[in-house]
Amino acid sequence: METLFAEDTTDVGPPWPTKIAVVLREDLLPWQELNVTAFLASAVAAAVPELIGRPYEDGDGTRYLAMIRQPVLVLTGSAEVLARARTRALERGLPTSVFTADLFATGGDAENRAAVRAVRGADLDLVGIAVHGPKNVVDKVTKGAHMHP
């Protein structure tokens, strides 16, 4: 059986020096929470490609896609907590992704980007935000949010 990749002992494992956090507005429906989390995590992965691990392969040789190689913490908070997290993340220069309430009504990527572009940053109706950076910085950015139940 041909393996997809050689055993790599250089991958950084726990404890990771960085943190990925997704903060969801606490009033979302369950399907919205999952949808927003998936979109926001994909944005972080696209912006920080070194977060992607190596592809998977099972014992039968079936290959699977690579995933983010460290946990994604999912937090919740009020609209005010999300707005403060956005401001703090941008002030600190962290890779940041946003999901606004308007995006639930759009039909695709171009419409999504246009909906965000139509609103000043401070006025965005945030339902989710994701950030990546050093653990202590992400903790400061997400202060006030709590672990998703």
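**Exercise 1.** Find where Ala145 sits and which residues it touches beyond its sequence neighbours.

*Solution.* Start with the location: Ala145 is in the loop that joins helix H4 (135-141) to strand S7 (146-147). Helices (H or I, at least four residues) and strands (E, at least two) are DSSP runs, numbered from the N terminus. This is a predicted model, where local features need pLDDT of at least 70 and side-chain atom pairs count only at pLDDT 80 or more, while totals for chains, interfaces and linings use all residues. Residues are numbered from 1 along each chain as its sequence is written, and side-chain values use heavy atoms, with hydrogens and water left out.

Next, the contacts (heavy atoms within 4.5 Å): setting aside neighbours within four places in sequence, Ala145 touches Val23, Leu75, Thr76 and Val81. Leu82 is 63 residues away in sequence, yet its C-alpha is 8.2 Å from that of Ala145.

**Exercise 2.** Work out the strand order of the open sheet, and why one side of S5 and of S7 has no neighbour there.

*Solution.* Two strands pair if DSSP finds at least two bridges between them. Now check the ends: S5 and S7 are at the edges with a single partner strand each, so one side of each lacks a neighbour in the sheet.

**Exercise 3.** Describe how S7 pairs with strand S4.

*Solution.* S4 (residues 72-77) and S7 run antiparallel, joined over two bridges. Look across from Thr76 and you'll find His146 of S7.
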